[in-house]
Amino acid sequence: MTELTEQLQPAKWYRQGRGPRYKQLYRHIGGLISTGELAADDQLPPERDMANIADVSRVTVRKAIAELVSDGLIDQRQGAGSFVRGQGARFEQSLSSLVSFTENLQARGIASTSRLLLHGLFRPNPAEAMTLGLAPHHQVARIHRLRIGDGAPMALEYSSLPEDVLPRPDKVGVSLYEVLRKRQTAPNRAIQRVTAVNATAPIAELLELAEGAAILQIERTGYLASGRPVEFTSGLYRSDIYDFVSELRLD
């Protein structure tokens, strides 16, 4: 931390007439990361300390850090601070294939686990009833899980299914689709909608992100061959380590 304190002294990074201070500070810290002087998981000083060392306002520090986060160089961890991000491989999942989170990671030799947040049978809410074609007296199986790859939280998935499709949601371990295939109730096609959203405080805490961080929301409705909707899943994925890709062909 002593070396970083020296590197943040104004004489090390600020030059008159070379742009706004936050831009110069952003470029300086980015350079320290690219040269390895700041290594993966190194922690930056708190905003107030950085502002005092660099002789700038906290707003200037905040704007510089925000650009570093946007560039994927810095992680802001809820309640812990700002850390240099490791340059590990990003994870990809095709938008054209109906493959589960577990299967996608297994294909890459990555251990996947889940932290169960909620499961059980409930009365359907309006969105579930409309999407899954359920009457008010029906029940819906809900499974809410934090999805983890190689020990890192990667996604939150909130899944709803008709009771007859999944009568025992408590039997789902890591893979929902594995259970559905055994029951021959797994969807064979799906419609997905991708949206960019900002993480609320509870979501950010679970995904180990800063509140307001950009994440990807994927809403998927899965269908049987008969056309019956049997799965409604809303997933929230860390955009810093997860990519969704699709293949386009000329008809």
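The questions and answers below go through a predicted model and ask what lies behind the words used for it.

Q: Why is V84 called buried?
A: Its relative accessibility is 1%. Buried means under 20%. So V84 counts as buried. V84 lies in strand β2, residues 81-84.

Q: How far apart are V84 and I74 in sequence and in space?
A: They are 10 residues apart in sequence. Their C-alpha atoms are 4.7 Å apart in space.

Q: Why are the buried residues of α4 said to line one face of the helix?
A: In α4, residues 47-54, the buried residues are M50, A51, I53 and A54. Seen down the helix axis, they fall within an arc of 165°, so they line one face. An α-helix has 3.6 residues a turn, so residues three or four places apart point the same way.

Q: Which exposed residues does the other face of α4 carry?
A: The face turned away from the buried side carries R48 and N52. Exposed means over 50% relative accessible area. Just after α4, D55 takes a positive phi of about 60°.

Q: What makes β4 and β7 edge strands?
A: The strand order in the open sheet is β4-β5-β6-β9-β8-β7. The pairing is antiparallel. β4 (112-122) and β7 (189-198) each have a single partner strand, so one side of each is left without a neighbour in the sheet. Neighbouring strands are turned by 15° against each other on average, direction ignored.

Q: How do you know that β7 and β8 pair?
A: Two strands pair if there are at least two bridges between them. β7 and β8 have 10 bridges, in the antiparallel sense. A190 stands opposite G222 in β8.

Q: How do you know that β9 pairs with β6?
A: Pairing needs at least two bridges. Six bridges join β6 to β9, and the strands run antiparallel. Here S160 stands opposite F232 in β9.

Q: How many bridges does β9 have with β8?
A: β8 and β9 pair over nine bridges, in the antiparallel sense. The partner of L216 in β9 is Y237. Five residues lie between the strands of this hairpin, and there G227 takes a positive phi near 100°.

Q: Why does Y177 count as buried?
A: Its relative accessibility is 3%. The cut-off is under 20%. So Y177, in helix α8 (residues 176-182), counts as buried. Y177 touches L98, S100, A186, P187, R220 and E231, again not counting residues up to four places away in sequence.

Q: What makes the link between Y177 and E231 a polar contact?
A: A polar contact is a pair of N or O atoms within 3.5 Å. The side chains of Y177 and E231 are joined at 2.6 Å.

Q: Why is the pair of R220 and E231 called a salt bridge?
A: The closest N and O atoms are 2.8 Å apart. The limit is 4 Å. R220 in β8 and E231 in β9 are 11 residues apart. Both residues are buried.

Q: What makes E67 and K23 a tie between parts of the chain?
A: Their side chains meet in a salt bridge of 3.2 Å, N to O. E67 lies in α5 and K23 in α3, so the pair ties together parts that are 44 residues apart in sequence. E67 is partly exposed at 21%. K23 is partly exposed at 25%.

Q: Why do D164 and R228 count as partly exposed?
A: D164 has 47% relative accessibility, so D164 counts as partly exposed. R228 has 31%, so R228 does too. D164 forms a salt bridge with R228, at 2.9 Å between the closest N and O atoms.

Q: How many salt bridges does the structure hold?
A: The structure holds 10. E47, R58 and R62 are linked in a network of salt bridges.

How values were computed: Residues numbered from 1 in each chain as written. Predicted model: local features only at pLDDT ≥ 70, side-chain atom pairs only at ≥ 80, totals over all residues. Heavy atoms only, no water. Helix = DSSP H or I, 4+ residues; strand = E, 2+ residues; numbered from the N terminus. Buried < 20%, exposed > 50% of the residue type's maximum accessible area, 1.4 Å probe, protein only. Arc of directions from axis to C-beta. Axes fitted to C-alpha atoms, helices over the stretch in contact; angles between N-to-C directions. Contact = heavy atoms within 4.5 Å. Polar contact = N/O pair within 3.5 Å; in protein donor to acceptor, adjacent residues only side chain to side chain.
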